[in-house]
Amino acid sequence: QVQVVESGGGLVQTGGSLRLSCVASGVSFSINAVKWYRQAPGKQRELVALIRSGGSTDYRDSVKGRFAVSRDNAKNLVFLQMISLQPEDTAVYYCNVNYNTLGRTWDAWGQGTQVTVSS
């Protein structure tokens, strides 16, 4: 059973920084990608950034140049470094692990971590 846990959220002022962490346990099979999503109140969940098994990354336009995703494979950790935070970045941030086992693809989600940016 894969378990995903996020941490590192908090309250920061506009222009501040945070680093989110995502740790996946119980993973002994092929991970395709780890993705960071966020969901603001009253809005749909949106993909923020991802890192593929090969190490390539993608970002939504609004966070390019401000957010960076990285990983520590030895510890099954993925990080989302966020700088120059803006009030519109306020949301619950979720980590998603997409992996293959038993001949199909699965998704495991964390419980989310709150990021609040005050103006």
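Biologist: Which residues does Gly112 touch, leaving aside those up to four places away in sequence?

Modeller: In this predicted model, Gly112 touches Glu6, Val92, Tyr93 and Tyr94. Contact means heavy atoms within 4.5 Å.

Biologist: Where is Gly112 found?

Modeller: Gly112 is in the loop between strand E10 (104-109) and strand E11 (113-118).

Biologist: Why is Gly112 called buried?

Modeller: Its relative accessible area is 16%. Buried means under 20%. So Gly112 is buried.

Biologist: How far from Val48 is Gly112, in sequence and in space?

Modeller: The two are 64 residues apart in sequence. From C-alpha to C-alpha, Gly112 and Val48 are 14 Å apart in space.

Biologist: Now the rings. How many aromatic pairs does a search of the whole structure find?

Modeller: The search finds one aromatic pair. The rings belong to Tyr37 and Trp109.

Biologist: What makes Tyr37 and Trp109 a tilted pair?

Modeller: Take the distance first. The ring centres are 5.0 Å apart, and rings pair if their centres lie within 6.5 Å. Then take the angle. The planes are at 50°. Under 30 degrees counts as stacked, over 60 as edge-to-face, and the rest as tilted. So the pair of Tyr37 and Trp109 is tilted.

Biologist: Which parts of the chain does the pair link?

Modeller: The pair links distant parts. Tyr37 is in strand E4 (residues 30-39) and Trp109 is in strand E10, 72 residues apart.

Biologist: Why is Tyr37 called buried, and why is Trp109 called partly exposed?

Modeller: Tyr37 has a relative accessible area of 18%. The cut-off for buried is under 20%, so Tyr37 is buried. Trp109 has 38%. Exposed means over 50%, and partly exposed lies in between, so Trp109 is partly exposed.

Biologist: Where does the charged end of Arg45 sit?

Modeller: The charged end of Arg45 sits over the ring of Trp109, 4.8 Å from its centre. Arg45 also lies over the face of Tyr94, at 3.8 Å from the ring centre.

Biologist: On to the backbone. What is the phi of Ser84?

Modeller: Phi of Ser84 is near 50°, a positive value in a residue other than glycine. Most residues other than glycine have a negative phi. Ser84 is in the loop between strand E8 (77-82) and strand E9 (91-101).

Biologist: And what is the phi of Leu102?

Modeller: Leu102 has a positive phi of about 55°, although it is not a glycine. Leu102 lies in the loop between E9 and E10.

Biologist: How do you know whether Leu102 is buried or exposed?

Modeller: Leu102 has a relative accessible area of 77%. Exposed means over 50%. Therefore Leu102 is exposed.

Conventions. Residues are numbered from 1 along each chain as its sequence is written. This is a predicted model: local features need pLDDT of at least 70, side-chain atom pairs count only at pLDDT 80 or more; totals for chains, interfaces and linings use all residues. Side-chain values use heavy atoms; hydrogens and water are left out. Helices (H or I, at least four residues) and strands (E, at least two) are DSSP runs, numbered from the N terminus. Buried means under 20% relative accessible area, exposed over 50%, partly exposed in between (1.4 Å probe, protein chains only). Rings of Phe, Tyr and Trp (its six-membered ring) pair if their centres lie within 6.5 Å; planes under 30 degrees apart count as stacked, over 60 as edge-to-face and the rest as tilted. A charge sits over a ring if NZ of Lys or CZ of Arg is within 6 Å of the ring centre and within 35 degrees of the ring normal.
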